[in-house]
Amino acid sequence: MPGSLPKFRSFGSARKAITVLAAATALPLSMSACAVQQKPADAVDGVIQVSSTKDECKVSADSAASGSLTFAVKNEGSEVTEFYLLAEDGLRIIGEAENIGPGLSRNLVVTVPAGKYTTACKPGMQGDGIRAAFEVKESGSKSTADADLKKLLDAGTQQYAAYVKHQTEQLVAGTKDFAAAYAAGDAATARQLYAATRMHWERIEPVAESFGDLDPKLDAREADLEPGQKWTGWHRAEKDLFPPAGYTALTAAERSAIAKQLVADTEELGKRTRNVEITADKLGNGAKELLDEVATGKVTGEEEIWSHTDLWDFQANVDGARIAFESLKPVLEKKDAALSKTLETRFSALQAELDKHAKGDSFTYYDKLSKEQIQQLAAHVDSLGEPLSKLTAAVVL
Amino acid sequence: MSGCPFGHTGEAPDAVTGAAPGRFSRRGLLSLAGIGGAGAVAGMAAGFLGHDAVASAAPSEPRPTLIPFHGEHQAGITTPAQDRLHMAAFDVTTDDREDLIQLLKDWTAAAEAMTAGHATGATGAVDGPYDAPPEDTGEALDLDAGKLTLTFGFGAGLFEKDGKARFGLAGRRPDALIDLPHFPGDDLDPARSGGDLVVQACADDPQVAVHAIRNLARIGFGKVRVRWSQLGFGRTSSTSRSQVTPRNLFGFKDGTNNPKAEDTELLGQHIWATGGARQGEAWMAGGSYLVARRIRMHIEIWDRTSLREQEGLIGRTKRTGAPLSGGEEFTAPDFAIKGKDGQPLMPMDSHVRLAHPSQNDGVRMLRRGYNYTDGSDGLGHLDAGLFFIAFVKDPRTHYVPMQMAMAKGDTLALEYLKHTGSGLFAVPPGTKPGGFIGEGLFE
């Protein structure tokens, strides 16, 4: 929280590791695309018009030069359509633009080395589609072989999956300790464990939040509640452990119930994360979303309004984002070395700023930070957040 | 003195069509009174202009600049949304019923003048005594009326305070003028919320809108004080089919599915209030309820989001505004049609789906919001977003359920929006010449 719905929006769909984010560079490219319309020849500037109808798949060019290609796909039929660029074998998917409603247009941007390919429109999303041969000629622009990149991406996603598993295990174990102390009325111990345990949650927040039913039970803030909604989870305990003036403490029975629920929900989360499929685009988007969380919830002090332990969460979000970045870094260095370097520098700068407020394993409480210090932190978050948002497209396109 | 009482008649635009370009001086009401009021001016103007005006009007494509103040309903609701907004809410500081009534009469007179393109007060901005402060503040001199509308509403605080009725209005607070519930995620600033009175000033020229609020505030000193005020720099909704759908700060067309001024039956069903269930609220017949929500947009975060995610969150394409189920901007969304992953093309948590009448018992609201920016949030971001305004027949059925659903399930709202101000106001019906705003309430 804030935000109780899945942020890893694409978890449900079975996409390839090298998923093509179809629309990223849509506008400028397709505007220039008018020039090549109705010229079934080489797509000189790399933009190819595709018109998908009930029984036709008109592609404005049957060849292009290797490198970044844009297919501007327009669905001129009456059914939902898809467009694929397939390898020569007609099986392996190089890129796809799916779920294009009738009358809509969508761009498919894909980087392809020289070779023979197949284009296919699939009106009605059934069958093999309407296919045609497509040739990509050598342009001299260097691109790393697809297979090498795929290997690196697979290694990255595996690395990150291991990280998620490790954090989840620590979260479950830590939550049990916290819950035991809290239920037993050992407020001092519970307060001490509160922020440190939550860091495991915050490190994997985009994954943890992807379960729309568990997130509000575990991480809802008081302001997130609707009238009549039962308040459970971390922040319920937070208010009880760091009470505002005039607050009536929970009874032992109420504490017990909160603690028990917290453990049960966290164990359920642990179980479900095992089945989460991690792909490169989710990884890249997850890193960006962690920085979004920092920008909207932590650097504003809204996440931990009673305990003021926002900087613990802040550090944990940055940790999670950095691990995701590092998992993708080997690919990014091949595809956009400059972006990789920028991200490296800005992660370091943000960490250095955070370190100013670290004391061993602890941090300054948010309410003890000066306005200038908060502004400095916010500036570093934005300076990293902007280039970090380009990570996914840089890696998977 | 330069105030020739007939000096403006040759240039006065037709009240409805604005057949002549609206450049004329903002004289005080005195000059108007001299020739029998605004209606007479309009009539005379038409007479004076004759067919010459038609001939000269054609090539220069003059814009209509006047929106009539009087009518069955208040202007500024179904009026084609003007480009700019200045809205202000006031706390009533007097406890005297007659003071309040006098204020509403004074505001009515000032509103009649300003919406007709004139200055406030009998002597306006420059035609008064040399040793007195001018009655009108003057910054709208030389400007035309810019389609100014002034729409007035009453907040709950006008009727009761600390559990006690005010101004002898016991039993007159309409049942529909509820205290809005807390919606999940609300982060309301009391200094940007509530208010006993509200004035919505809309015009195509921001200076005209600000001038109007400023002069009404000035007239009110001693009886009311400004509680909050909000500028909107660009409309986000169309309220007429004659208008192109504008875009909000997310870059998407907003208000595509708005009921339009032409949809008279819809307006009767969903926008105009009835006389209610009790005698005490009969005065609201022909009025409406204005919901104002200051919605901060996390635009910096939004800008870092892929186009795929942006379109999925909204449920429309960014370029044309067509629903993701296909078609063009005004094609009805098909919520059933599915993609190859078995998920609907209009995502379950998309804004359009959650806000659509089909998901909300068929209720409609007339949105009339404006984009705003209010400086910085102090952390290096623009404090920017949507100043949401909606007019509804009854907020209990036409706003609260939908907003509750969106606050819970709309990923757009959860991740990218924050409600920072709120107000609900009973907007009385329109005023007749000789009457005053909300007079039914005091009968």
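Student: In chain A, what percentage of the contacts between residues at least 6 apart in sequence join residues at least 24 apart?

Tutor: This is a predicted model, and in its chain A the figure is 70% of those contacts.

Student: Let's look at a pair of helices, then. At roughly what angle do the axes of α3 and α9 of chain A cross?

Tutor: The axes of α3, residues 187-203, and α9, residues 310-335, cross at roughly 35 degrees and come within 8 Å, and the crossing is right-handed.

Student: Which residues meet there?

Tutor: From α3(A) the residues include A195(A), M199(A) and R203(A), and on the side of α9(A) W312(A), A316(A) and G320(A) are among them. By class, this contact has 5 nonpolar, 3 polar and 5 charged residues.

Student: Switching topic to the two chains: how many residues does each give to the contact?

Tutor: Chain B gives 36 residues and chain A gives 40.

Student: Which element of chain B gives the largest share of its side?

Tutor: That is α8(B), with 4 residues, while the elements giving two or more residues to that side also include α7, α11 and α12 of chain B.

Student: And how do the residues on chain B's side divide by class?

Tutor: The side of chain B that touches chain A divides into 11 nonpolar, 13 polar and 12 charged residues.

Technical notes:
Residues numbered from 1 in each chain as written. Chains lettered and ligands numbered in written order. Predicted model: local features only at pLDDT ≥ 70, side-chain atom pairs only at ≥ 80, totals over all residues. Axes fitted to C-alpha atoms, helices over the stretch in contact; angles between N-to-C directions. Left-handed = near helix turned anticlockwise from the far one by under 90°. Contact = placed C-beta atoms within 7 Å. Nonpolar A, V, L, I, M, F, W, Y, C, P; charged D, E, K, R; others polar.
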